[in-house]
Amino acid sequence: MSTTILTDEAAQLAATVADVVSTWGLPDTGRLVSETEYFHAQWKTAEELGWTSILDDVDCTSFEGLAQSAELVDAAGAVTRALAHAGAALPVRQTLLARSLARQPIATGHIVVSPHSFGVWDPVATAFVGADGTTRDLPTSRPADRDVAARPVYRIDRPDAPGDRPDGVLAQFLLVQEIAGAAHGAIEQARTYVMSRVQFGRPLIKLPAVAQELGRLTIAQVQLDEAIREFARRLQEGSPERIRFAAIAARALASEVASDVAAHAHQLHGALGLTADATLRRRTLLLWADRDEGLHQRNWGVHSLPRCEIDLWSLSRPEGTHPA
């Protein structure tokens with residue numbers, strides 16, 4: 001898995017996660033993820049290894065608090081990214097954020113959700129943390145639907161759009177990390193396939209159209225990684241307005257990349273990409289589900305951006321550069 005956008009410490013954590021999940025079984029097709037034989041053991045492992053409590057001491061109610069905890073935020077992103085890269089569907093991202101938002105400590109072992117979960121994992125969660133940080137227990141039996149990735153979800157007729165408060169921005173940061181991880185995993189899987197699949201006496205990668213398509217997807221992944229890198233830099237140093245711009249830009253690009261990679265990775269695999277043995281669908285289904293999570297439209301926030309070129313430049317100028 002590529003870890004070039006991570007700090008050294010976060011990259012080491014991502015490598016550890018990748019090593020642990022490499023032996024995990026993937027859920028059977030057609031069932032809720034939370035009802036499969038692997039789910040509870042994998043969730044227990046994630047809890048015991050501390051993946052769900054990284055943000056417990058992070059103040060996500062202020063941008064200053066996020067900046068002071070940059071290493072922990074980066075670590076949370078690394079775990080989220082590594083799990084998605086492997087195609088693992090666990091409520092780690094949602095629990096990380098909810099625990100950070102909670103005013104009072106929450107015992108480990110619980111699946112915890114917040115308004116930023118948009119109903120995903122709500123039916124199997126034991127607690128809900130509100131926007132004000134208060135925690136309430138959830139009933140043990142609730143109606144459950146499923147999203148595209150077979151995660152349990154309580155359907156919300158009109159979910160609130162992702163907020164521009166610090167906790168909402170943090171939620172977007174973790175989400176785009178998850179999309180990037182799943183996209184990179186799908187591209188790697190497609191690359192392995194076209195390099196090993198031989199037709200007419202040569203690997204598929206030798207066909208110019210195949211090589212060109214794989215290269216185009218790789219460029220899209222690099223662009224998304226750069227957007228996330230800039231997002232991370234701004235969380236440490238940027239003003240709230242510039243941080244929100246980075247969140248909007250990264251989410252918009254992530255939605256576009258998710259659609260592109262999911263569709264064309266399957267094209268490169270052909271019909272084999274839909275089989276259970278290929279496991280590609282575990283990444284592409286997650287891409288489709290994350291792409292639409294909590295959105296009425298995929299261009300969240302774009303309509304609120306300034307139209308004046310000078311104002312737009314002040315927001316889009318990379319962090320660390322000086323105005324002209």
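This is a short tour of a predicted model, one selection at a time.

**Stop 1: colour by confidence**

Start by colouring the protein chain by pLDDT. Its mean is 88, and 88% of the residues reach 70 or more. Now select helix 5, residues 92-101: among the elements of the chain, this helix has the highest mean pLDDT, at 97. Then jump to helix 10, residues 309-316, where the mean is the lowest, at 72.

**Stop 2: the nonpolar core**

Which residues have the most contacts inside the largest nonpolar core? Select L55, L83 and F231 to see them; the core they belong to has 89 residues. Next, show helix 6, residues 166-196, which supplies the largest share of this core with 16 residues.

Stay with L55 for a moment and display its surroundings. Leaving out residues up to four places away in sequence, L55 touches L72, V73, A76, L96, S100, L170 and L174.

**Stop 3**

Time for some aromatic side chains. The whole structure holds 3 aromatic pairs. Select F39 and W121: their ring centres are 5.7 Å apart and their planes meet at 15°, under the 30 degrees needed, so this pair counts as stacked. F39 sits in helix 2 (residues 39-48), while W121 is in the loop between strand 1 and strand 2, so you are looking at a link between distant parts of the chain, 82 residues apart.

**Stop 4: an edge-to-face pair**

Now select F173 and F231. Their ring centres lie 5.2 Å apart with planes at 85°, so this pair is edge-to-face. You have already met F231 as one of the residues with the most contacts in the core. F173 belongs to helix 6 and F231 to helix 7 (residues 208-237), so the pair ties together parts 58 residues apart in sequence. With a relative accessibility of 1%, F173 is buried; F231 is buried as well, with a relative accessible area of 0%.

**Stop 5: a serine in a loop**

Finish at S117, in the loop between strand 1 (112-113) and strand 2 (127-129). Its relative accessible area is 1%; because buried means under 20%, S117 counts as buried. What is S117 in contact with, leaving aside neighbours within four places in sequence? Show Q94, D122 and E293 to find out.

Definitions and conventions:
Residues are numbered from 1 along each chain as its sequence is written. This is a predicted model: local features need pLDDT of at least 70, side-chain atom pairs count only at pLDDT 80 or more; totals for chains, interfaces and linings use all residues. Side-chain values use heavy atoms; hydrogens and water are left out. A nonpolar core is a set of buried Ala, Val, Leu, Ile, Met, Phe, Trp, Tyr and Cys residues joined through side-chain atoms within 4.5 Å. Buried means under 20% relative accessible area, exposed over 50%, partly exposed in between (1.4 Å probe, protein chains only). Helices (H or I, at least four residues) and strands (E, at least two) are DSSP runs, numbered from the N terminus. Contact means heavy atoms within 4.5 Å. pLDDT is the predictor's confidence in each residue, from 0 to 100. Rings of Phe, Tyr and Trp (its six-membered ring) pair if their centres lie within 6.5 Å; planes under 30 degrees apart count as stacked, over 60 as edge-to-face and the rest as tilted.
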